[in-house]
Amino acid sequence: MSKAKALGGRIFTPTFTICLIITGFFLYFAAKRFIFGIGSIANLNDGFPWGIWIAYDVVVGSAFACGGYVMALMVYVLNKGEFHPLVRPALLASMFGYTLAGVSVFLDIGRYLNAYNLYLPWQMNFHSVMFEVAMCIGTYIFVLWLEFSPAFVEKWKLKNFGTILNKIVFALIALGVLLPTMHQSSLGTMMLMAGFKLDPLWHTSSLPLLFLLTALFMGFAMVIFEGTISSRVYDLGDETSMFSRISRIMTWILGFYLVIRFQNIFMRGEMGHAFSGSFMGNMFLLENLLLVIGLVILSSAANRSNPRALFIAAVAILLGGSLFRFNTYIIGFDPGTGWKYFPSVGEQVITYGLIAMEIAAYTLFVKIFPVFEVHKPVESNQ
Amino acid sequence: MKIKRRDFLKGAAGSLALLSLDVDSSQARTVQALPPDAVGILYDSTLCVGCNACMPACKQANNMQPDFTGDQEVWDNPQDLSSDTLNIIKKYSSGTGEKKDSEVDGYAFIKRQCLHCIDPSCVTACPVSALTKDESTGIVTYNKDACIGCRYCQVACPYNIPKFEWDSPYPEIVKCQLCSHLVEKGGISACCSVCPTGASLFGKVSDLIVETRRRLQMKSGRIYDFPVSSLDSGKFHQYKAAKYVHHVYGKEELGGTQVMYMSAVNYEKFGLPAFPKESFVSMASGIQYAIYKGMVYPLVVLAGLIFMVKKNKKEDEGTHIEKTTDAEGGQS
């Protein structure tokens, strides 16, 4: 039913090969971690028990992977059918983003063989934010693969599976909207428990709302970012009109977020701290400066229909949103008693490896499965 | 149909507003109370002579490995709590460091270990109930068979107590469990049974609180009897009462703890932060509770979403199907 087509073409492009090489390094460090322990490759310590594997791969990575969430929300809940061509590519990116966040968690947790305890009713702790996040993300990975599976159905002509899928697909889409809403806000609730260890610029009871809003605008920004790159790389034709409509929605969310963010800081009397010139204050300002730059660019209608301006704004927003999440999980976190943390080479290679795998899998899938709709009616008719 | 959608959006906006509220956590979640038979330790810094006898006793009772520092591999010499050390005596020193229990030119000892909070963050944080608080003794214990090693307990603990075996391929969380295996058999914590001066004193928390009141009323410089090992051991140590700080650390901090401290030196000097009475955990789980109300809200939202997706997806495909009716008909 979808108009999407597999792109075909050469699989072993230079990009794909480089990604595979990085994945090779990843495998070396992952093996070392499983044989000699997390301490053998990571700078994590008892003061900073969470590093970039959580802060980047899960907390930032899952926000980058919110494209599928926001596009499903737009198309199926808010009934903006005109964005339909963007849904499947966004879902594909989300699917790998979340799946690899899951892989990262598996490397990060120490006692991975006990992970099944999350599913034993008598072990579940419903008071734990971590429990909710783990269940939601675990389920959402599964839901994303099913949401994307119409592409498998079309490719392999799985008629029976397709019929079943058609009957439950709306429930899957609904779950695909509910679950990210829940766990993206809970990623904020999670750090409330850090109490005094988290700088007051980030420790606020509004964290759940701030995390949900960043997930929304980062999801949209990622759709523009990825869409711009894919339409160039795969010669898909011009999608700017769709992106400019998306970016208009983004300005509202971003504006709302910034108002809440600053109002919250002001109400709690932390404005002085924010502008004190301290390291924490400057990180707060930098994080919001990037978002303001994005907002200013997108607030002009001319910029919204200019692919280059759109791309720059998307990058600024992605960086600003990521910095907010990094600040909340690592930079604004200080357990006291002199603990320090900076990610080791091994930790970084694991993260780069996950990103490389994501890119490799994405480029592979768009060539094999029907993901993109090509919008070049004039050229294709010729 | 349009109206219904607007209603739904209104509801969604309402729940967003709820997210941003400062939730009054006292309503949302009952703050944990001290279990009736709660046991704990009263550590009196003014009685501690820094002999460190409690440290090897702890290692022996819990089968812990020695923690070497520097080149020597002869004796246990930990610098801080670690995955090999559940209990440590640390020293505060200032200036010439000559006068005991004096902030100026003096020194004082502090015992660091798990404080066994009345409302423990680690227990609330743990997704798989690997950390639990005993209903009668109130001891916070760890179950390695449940633990998934996510380390949220380390992030959550305001006292930085749980430690992780970073160099083990299949690591455990390590923390003081108040020698629960000895308490079970009617015994007391190893650190208290070897303490020669009664600086580490085991007992029922309610009785220990009575003892703190007695000590706060003592006239400094006069000789008093101080119970040794446990409140009911019958053994006493006679000693000059110090000039106590009029605050028992742990009695109210973050909802209170079962291990409490008394000292003649301000607690900040030992690196023990001044905490509010309400625990951070009640704030976090209060918000979580208000948003989800026992999963009722999410289910209602899910039902609304299913309804809307079903409707919109049909409309969306309606236009498609018109064009491809023949093909569709052929399939079915």
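Two strands count as paired if DSSP finds at least two bridges between them. All views below come from a predicted model.

**View 1. Strands 3 and 4 of chain B pair in the parallel sense.** Two bridges link strand 3 to strand 4 (residues 106–112) of chain B. K99(B) has G106(B) in strand 4 as its bridge partner. K100(B) is bridged to Y107(B), also in strand 4 of chain B.

**View 2. Strands 2 and 4 of chain B run antiparallel.** Six bridges join these two strands. I88(B) stands opposite R112(B), a residue of strand 4 of chain B.

**View 3. Three strands of chain B form an open sheet in the order 2-4-3.** The pairing in this sheet is mixed. Strand 2 (88–93) and strand 3 (99–100) of chain B are its edges, and each pairs on one side only. Strand 4 of chain B is largely enclosed by the rest of the structure, because five of its seven residues are buried. Buried here requires 20 or more other C-beta atoms within 10 Å of the residue's own.

**View 4. Chain B holds ten helices and twelve strands.** Chain B has 332 residues, and 42% of them count as buried. Take the contacts in chain B with a separation of 6 or more: residues 24 or more positions apart account for 61% of them.

**View 5. Chain B meets chain A through 56 residues on the chain B side and 56 on the chain A side.** Six elements of chain B give two or more residues to the side that touches chain A: helix 1 (2–20), helix 4 (121–125), helix 5 (152–156), strand 7 (163–164), helix 9 (280–292) and helix 10 (296–331). Helix 10 of chain B gives the most, with 14 residues. By class, this side of chain B divides into 34 nonpolar, 13 polar and nine charged residues.

**View 6. Helix 2 (residues 52–64) and helix 13 (residues 307–331) of chain A cross at roughly 145 degrees.** Their axes come within 10 Å. The crossing is right-handed. Helix 2 of chain A brings I54(A), A55(A), V59(A), V60(A) and A63(A) to the contact. Helix 13 of chain A meets them with G321(A), S322(A), R325(A), F326(A), Y329(A) and I330(A). The contact between these helices has eight nonpolar, two polar and one charged residues.

Technical notes:
Residues are numbered from 1 along each chain as its sequence is written. Chains are lettered from A and ligands numbered from 1 in the order in which they are written. This is a predicted model: local features need pLDDT of at least 70, side-chain atom pairs count only at pLDDT 80 or more; totals for chains, interfaces and linings use all residues. Axes are lines fitted to C-alpha atoms, for helices over the stretch in contact, and angles run from 0 to 180 degrees between N-to-C directions. Helices (H or I, at least four residues) and strands (E, at least two) are DSSP runs, numbered from the N terminus. A crossing is left-handed if the near helix is turned anticlockwise from the far one by less than a right angle, and right-handed if clockwise. Two residues are in contact if their C-beta atoms, placed from the backbone, lie within 7 Å. Ala, Val, Leu, Ile, Met, Phe, Trp, Tyr, Cys and Pro count as nonpolar, Asp, Glu, Lys and Arg as charged, and the others, Gly among them, as polar. A residue is buried if 20 or more other C-beta atoms lie within 10 Å of its own, exposed if 12 or fewer, and partly exposed in between; C-beta atoms are placed from the backbone.
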